[in-house]
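Welcome, and thanks for taking a look at this one with us. Please have the structure open as you read the notes below.

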2 protein chains.
Amino acid sequence: MAKRLSDQERAITIEALSDWNHDAERDAFYRQFKFASFVDAFGFMASVALVAERMNHHPEWSNVYNRVDVVLTTHDAGGLTSLDVELAQKMDALARR
Amino acid sequence: MAKRLSDQERAITIEALSDWNHDAERDAFYRQFKFASFVDAFGFMASVALVAERMNHHPEWSNVYNRVDVVLTTHDAGGLTSLDVELAQKMDALARR
């Protein structure tokens, strides 16, 4: 099972993932992605879904037309783990395409 | 443009769509769908996305693992229209498969 990030790891990660916000209460990352259309937004979600399923680590997310709001945290660990960092990086990469 | 339901149409619709709840403040329908897995939940969302895009009428929805929470309303009309009724029926049918 993924271990919760140490305080030092968390600080470095928050600095590195500059497009993401940190919810200290839940120890979660959140970010809004905006696209040109619903097709683009859902295309992004479909790509992320495949990546998430392969990782066996899934986002909490909502979609309204061209917007996708994402929350990442690891429930089993009670906060952020390396899985959240990896999924955040992969989502950023998929959103840039 | 789709016209907002009349009071009579709304009453009939709320009665007919028994798995959906009515948010009177927003004049919206909402429902939670639960599936066996993330794959099933996202498979449902992918089917609905194609239907919604073809209708040019999209849900507000969120997904956490095997759960999908949906809100249906027609922003342009300021409340429920026949488009919401149609999309709700189609989502019910897709979820039953």
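**Where the two chains meet**

Across the interface of chain B and chain A there are two residue pairs in polar contact, both at pLDDT 80 or more. The model is a predicted one, so please read every value here as computed from it. On the chain B side, helix H2 (38-55) and strand S3 (60-64) each supply at least two of the residues that touch chain A.

**The interface in numbers**

- The contact draws 15 residues from chain B and 15 residues from chain A.
- Together, chain B and chain A bury about 1300 Å² between them, and 74% of that area is on carbon and sulfur atoms.
- Three residues stand out on the chain B side: B:Phe38, B:Phe42 and B:Trp61 supply 37% of the area that chain B buries against chain A, more than any other three residues.
- How many salt bridges are counted between chain B and chain A? The count is zero.
- Polar contact between the chains comes to two residue pairs.
- Which element gives the most to the side of chain B that touches chain A? That is H2(B), with seven residues.
- By residue class, the side of chain B that touches chain A divides into ten nonpolar, three polar and two charged residues.

- Strand S3 (residues 60-64) of chain A is joined to S3(B) by five bridges, and the two strands run antiparallel.
- Within this pairing, A:Ser62 stands opposite B:Ser62 in S3(B).

**Salt bridges within the chains**

- Over all chains, a search of the whole structure finds 14 salt bridges.
- In chain A, A:Arg26 and A:Glu60 form a salt bridge, with their closest N and O atoms 2.8 Å apart.
- This pair links distant parts of the chain, 34 residues apart: A:Arg26 is in the loop between strand S1 (21-23) and strand S2 (28-34) of chain A, while A:Glu60 is in strand S3 of chain A.
- Buried or exposed, how does A:Glu60 count? A:Glu60 is buried, because its relative accessible area of 14% is under 20%.
- A:Arg26, by contrast, counts as partly exposed, because its relative accessibility of 37% falls between 20% and 50%.
- In chain B, the side chains of B:Glu60 and B:Arg26 meet in a salt bridge of 2.8 Å, N to O.
- B:Glu60 lies in strand S3 of chain B and B:Arg26 in the loop between S1 and S2 of chain B, so this pair ties together parts that are 34 residues apart in sequence.
- B:Glu60 counts as buried at 14% relative accessibility, whereas B:Arg26 counts as partly exposed at 36%.
- A:Arg4, A:Asp7, A:Arg10 and A:Asp27 are linked in a network of salt bridges.

- B:Asp27 lies in the loop between strand S1 (21-23) and strand S2 (28-34) of chain B.
- Why is B:Asp27 classed as buried? Its relative accessible area is 3%, and B:Asp27 therefore falls under the 20% limit for a buried residue.
- B:Asp27 forms a salt bridge with B:Arg10, the closest N and O atoms being 2.9 Å apart.
- B:Arg10 lies in helix H1 (residues 7-16) of chain B and B:Asp27 in the loop between S1 and S2, so the pair ties together parts that are 17 residues apart in sequence.
- Both partners, B:Arg10 and B:Asp27, are buried.
- The side chain of B:Asp27 also makes a polar contact of 2.8 Å with the side chain of B:His22.
- Leaving aside residues up to four places away in sequence, B:Asp27 touches B:Arg4, B:Arg10, B:His22, B:Thr73, B:Gly79 and B:Leu80.

**Positive phi values in chain B**

- B:Asp27 has a phi near 50°, a positive value in a residue other than glycine.
- Phi of B:Asn56 is near 55°, again positive in a residue other than glycine.
- B:Asn56 is found in the loop between H2 and S3 of chain B, where B:Asn56 is exposed, with a relative accessible area of 56%.

Methods
Residues are numbered from 1 along each chain as its sequence is written. Chains are lettered from A and ligands numbered from 1 in the order in which they are written. This is a predicted model: local features need pLDDT of at least 70, side-chain atom pairs count only at pLDDT 80 or more; totals for chains, interfaces and linings use all residues. Side-chain values use heavy atoms; hydrogens and water are left out. Contact means heavy atoms within 4.5 Å. Buried area is the accessible area (1.4 Å probe) that two parts lose on being put together, summed over both. A salt bridge is a side-chain nitrogen of Lys or Arg within 4 Å of a carboxyl oxygen of Asp or Glu. A polar contact is a pair of N or O atoms within 3.5 Å; within protein, one must be able to donate a hydrogen and the other to accept it, and residues adjacent in sequence count only if both atoms are side-chain atoms. Helices (H or I, at least four residues) and strands (E, at least two) are DSSP runs, numbered from the N terminus. Ala, Val, Leu, Ile, Met, Phe, Trp, Tyr, Cys and Pro count as nonpolar, Asp, Glu, Lys and Arg as charged, and the others, Gly among them, as polar. Two strands pair if DSSP finds at least two bridges between them. Buried means under 20% relative accessible area, exposed over 50%, partly exposed in between (1.4 Å probe, protein chains only).
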